[in-house]
Amino acid sequence: MGDYKVPVKYLLSHITKLEIIDAPKITTKTIEIGSKYSPDFVCTPFKYTLGTMIESIEKGSNVLIQAGGGCRYGYYSELQKQILKDLGYDIVLINLVTAGITDPIKIYKELKKVTKINIVKSLYYLLITKKMVKYMDNIDDYIRKNIGFEVKKNSFIKLKNKMLKSFSKIKGYFDLKKQYKKYLNEFKQLKINKPNNPIKIAIVGELYTIMEPFANYFLEYELASKNIEITRFTNVDYLLFRKSKEVKKMLKKNRDIKYKMGADASDNICRTRMLCEEGYDGIIHIKSSFCTPEIGAMPIISKICAQYKIPIIFFSFDAATSEVGIKTRLEAFYDMLEMRRSK
Amino acid sequence: MNGYLGVDIGSISTKGVIIDENNKILVSEYIWTEGNPTEAVTKLIEILKSKLPNDLKIKGIGTTGSARKLIGLLLDANVVKNEITAHAIGTLSKYPNTKTILEIGGQDSKIILIEDGIIIDYAMNTLCAAGTGSFLSSQAKRLGIEVEDFGNYALKSKNPVKIAARCTVFAESDLVHKAQVGYLKEDIIAGLCRAVVLNYLNNVGKGKKIKGPIVFQGGVSKNKGVLKYFEETLNEKITVDKDSHLMGALGVAILSKNNKKDTIYNLNIKNIEFKTKGLECNGCANNCEILKIYKNKDLIDVWGSKCGKTFK
């Protein structure tokens with residue numbers, strides 16, 4: 001998903017003896033294949049991942065890893081396994097999260113079935129990978145805040161691609177740290193033309209659609225091209241390593257909800273209130289169609305935004321969403337924020 | 001004298017207005033798009049030109065509606081704006097106190113909420129065309145009457161039938177059923193108008209606080225039946241301007257006035273050869289549908305590429 005294949009590939013290529021095949025870039029064809037073999041009313045991430053699986057198998061993979069998740073997504077892997085089997089593919093599918101729980105011993109056992117694994121070495125590389133994800137997310141946060149104001153077109157993207165390339169080849173923990181500092185510095189050197197108080201938009205919503213640019217029609221780039229500073233909280237570092245703690249903390253402080261609502265719904269509700277209090281110009285909520293936890297969160301989120309009079313817009317992305325329709329709504333949203341500012 | 005042209009190219013109809021410095025509409029025209037926006041606009045401009053006072057200089061052009069980008073290129077417009085903003089600006093210039101704009105056009109419908117003269121919220125129908133102009137006109141055809149007479153028929157009815165409003169297909173089968181059972185034509189038409197209102201309020205207006213003063217516009221606002229049921233359901237007086245179908249064009253004309261540069265447009269587009277050419281790029285599995293735009297045989301723009309390939 002997105003650029004996270006770099007750390008994942010790094011990890012697997014160092015701890016296993018398997019040949020790692022790059023998952024093909026998501027294209028229109030991926031989603032076509034995925035939709036063809038998926039139940040129609042399942043949420044879009046299922047279709048994207050199934051499409052990617054089939055394309056990867058056709059590229060030669062026979063072991064697939066599925067990340068799983070805290071909602072229906074947690075059961076997807078089983079269903080996808082069955083669909084692939086029915087299609088006649090003979091593969092091993094390893095699920096990292098089963099019914100909402102990550103069980104390292106179970107994953108280790110499953111991996112051991114297909115390859116040799118050295119536990120000590122794995123722990124070392126896991127540590128590096130964790131750090132790499134964190135560094136990537138830090139850099140991405142900086143990019144989101146500044147890419148809309150770049151002086152030279154594509155300078156941020158070019159540098160990021162260069163960074164990802166060197167990250168994929170780092171030699172160890174200290175090398176990673178060195179590279180990160182080097183690139184962070186280079187990013188800060190990139191020329192930007194940022195006003196003192198630019199329009200600030202935060203993006204909340206369902207994790208897959210937020211993190212996979214193809215699934216949200218490159219929404220962040222579209223916003224950046226309008227000179228907007230973008231904030232988002234959902235990234236892999238957050239989901240894997242900080243979420244459980246932070247959600248507990250947020251739920252304690254927040255009065256809108258008492259209980260967890262599955263996946264990221266409760267985070268997004270708490271976040272929305274924080275964002276409103278911080279005085280963001282607008283909030284964009286995105287999800288894939290039929291995402292149940294977020295559907296539950298939406299009425300609460302719009303109520304909070306109405307209280308603070310902060311504009312919010314909801315987008316629901318499906319395999320067959322009209323791009324023009326999204327653009328029209330987005331343009332209008334931007335106009336609205338600008339008009340509010342100038343009054 | 002200076003004038004500003006606003007063109008609103010919708011799926012069904014193409015609207016054009018020319019305003020003066022005080023946002024007053026000097027001339028306006030309304031024609032069918034008939035699936036060919038460039039031809040429709042060429043025709044529209046010719047008609048507008050024939051009505052223009054001689055000393056008028058066009059100092060700005062704005063485009064809106066679903067073909068705004070294409071026509072913006074054709075006319076070399078200084079403003080290309082989405083229809084939500086354009087409609088709000090147009091309406092506010094005439095009714096500055098408006099709090100809610102209901103708009104139903106040929107293929108889309110929207111609601112815009114306004115507070116103190118700025119948009120605070122809006123929504124647009126997403127996938128379904130139930131309750132829009134094209135649905136009404138196809139049903140008019142089925143019943144064998146002109147869509148323009150729809151409103152008058154509806155007002156005659158004393159007992160509108162209930163028609164399932166959720167979905168175009170269901171509404172149509174319900175309508176056929178009611179007709180075959182023997183209900184009066186005007187009762188069916190009135191039921192249809194009410195179904196449009198309920199569908200709109202349930203889908204587009206869902207969860208929005210509709211406050212007066214309310215303005216109703218777009219092509220369907222000319223339908224007195226729909227207006228009547230809106231007023232009944234919302235229990236508010238609703239304003240329909242005599243130019244309610246031109247608000248988008250008016251709005252974008254105002255925006256082009258506010259954005260004017262020192263160009264004077266001559267509006268001689270009749271002799272411009274404007275062509276588009278579609279192709280499928282086979283560079284990768286995305287198979288993007290590419291549209292090349294030519295003006296007098298010069299390639300002026302390429303749309304549709306997901307990867308940024310230029311095709312020049």
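## Buried, exposed and in between

A residue is buried when its relative accessible area is under 20%, exposed when that area is over 50%, and partly exposed in between. Asn296(B) has 42% relative accessibility, so Asn296(B) counts as partly exposed. The model discussed here is predicted.

Asn296(B) is found in the loop between strand 12 (289-295) and strand 13 (298-303) of chain B. Its backbone is worth a look. Asn296(B) is not a glycine, yet its phi is positive, at about 50°.

Most residues other than glycine have a negative phi, and most peptide bonds are trans. Asn235(B) is not a glycine, but its phi is positive, at about 60°. Asn235(B) sits in the loop between helix 8 and strand 10 of chain B. Is Asn235(B) buried or exposed? Asn235(B) has a relative accessible area of 69%, so it is exposed.

Gly212(B) and Pro213(B) are joined by a cis peptide bond, with omega at about -5°. Pro213(B) lies in the loop between helix 7 (185-203) and strand 9 of chain B.

## Strand 9 of chain B

Next comes strand 9 itself, residues 214-217 of chain B. Both of its faces are covered. Ile214(B) and Phe216(B) are buried on one side. Val215(B) and Gln217(B) are buried on the other.

Which strands pair with strand 9? Strand 6 (residues 100-104) of chain B runs parallel to strand 9 and is joined to it by 4 bridges. Within this pairing, Glu103(B) has Gln217(B) as its bridge partner. Strand 10 (residues 238-239) of chain B is also parallel to strand 9, with 2 bridges between them. Here Val215(B) stands opposite Thr239(B). Strand 9, helix 8 (residues 224-234) and strand 10 of chain B together make a right-handed β-α-β unit.

The side chains of Glu231(B) and Lys237(B) meet, with N and O 3.6 Å apart. Glu231(B) is partly exposed, because its relative accessibility is 23%. Lys237(B) has 67%, so it counts as exposed.

## A buried threonine

Thr33(B) is in the loop between strand 3 (25-32) and helix 1 (37-51) of chain B. Is Thr33(B) buried or exposed? Its relative accessibility is 5%, so Thr33(B) counts as buried.

What does Thr33(B) touch? Leaving out residues up to four places away in sequence, its contacts are Ile9(B), Gly10(B), Ser11(B), Ile12(B), Ser13(B), Thr14(B) and Ala40(B).

## Salt bridges in chain A

How many salt bridges are there over all chains? The count comes to 31. One of the pairs is Asp256(A) with Arg273(A), at 2.7 Å from N to O. Asp256(A) lies in the loop between helix 11 (236-253) and helix 12 (265-278) of chain A, while Arg273(A) is in helix 12, so the pair ties together parts that are 17 residues apart in sequence. Asp256(A) is partly exposed, because its relative accessibility is 25%. Arg273(A) has 18%, so it counts as buried.

Another pair is Lys226(A) with Glu222(A), whose closest N and O atoms are 3.9 Å apart. Lys226(A) is partly exposed at 22% relative accessibility. Glu222(A) is partly exposed at 23%. Salt bridges can also link up into a network. Lys134(A), Asp237(A), Arg242(A), Glu246(A) and Arg271(A) are linked in this way.

## Where the chains meet

Chain A puts 18 residues in contact with 21 residues of chain B. The two chains bury about 1800 Å² between them. Carbon and sulfur atoms account for 56% of that area.

Polar and charged pairs join in too. The interface has 3 salt bridges. Glu331(A) forms a salt bridge with Arg68(B), with the closest N and O atoms 3.5 Å apart. Between the chains, 7 residue pairs are in polar contact. On the side of chain A that touches chain B, helix 2 (28-37), strand 6 (312-317) and helix 14 (323-342) of chain A each supply at least two residues. Which element gives the largest share of that side? Helix 14 of chain A does, with 9 residues.

Methods. Residues are numbered from 1 along each chain as its sequence is written. Chains are lettered from A and ligands numbered from 1 in the order in which they are written. This is a predicted model: local features need pLDDT of at least 70, side-chain atom pairs count only at pLDDT 80 or more; totals for chains, interfaces and linings use all residues. Side-chain values use heavy atoms; hydrogens and water are left out. Buried means under 20% relative accessible area, exposed over 50%, partly exposed in between (1.4 Å probe, protein chains only). Two strands pair if DSSP finds at least two bridges between them. A crossover is right-handed if, with the strands pointing away from the viewer, the path from the first strand over the helix to the second runs clockwise. A salt bridge is a side-chain nitrogen of Lys or Arg within 4 Å of a carboxyl oxygen of Asp or Glu. Contact means heavy atoms within 4.5 Å. Buried area is the accessible area (1.4 Å probe) that two parts lose on being put together, summed over both. A polar contact is a pair of N or O atoms within 3.5 Å; within protein, one must be able to donate a hydrogen and the other to accept it, and residues adjacent in sequence count only if both atoms are side-chain atoms.
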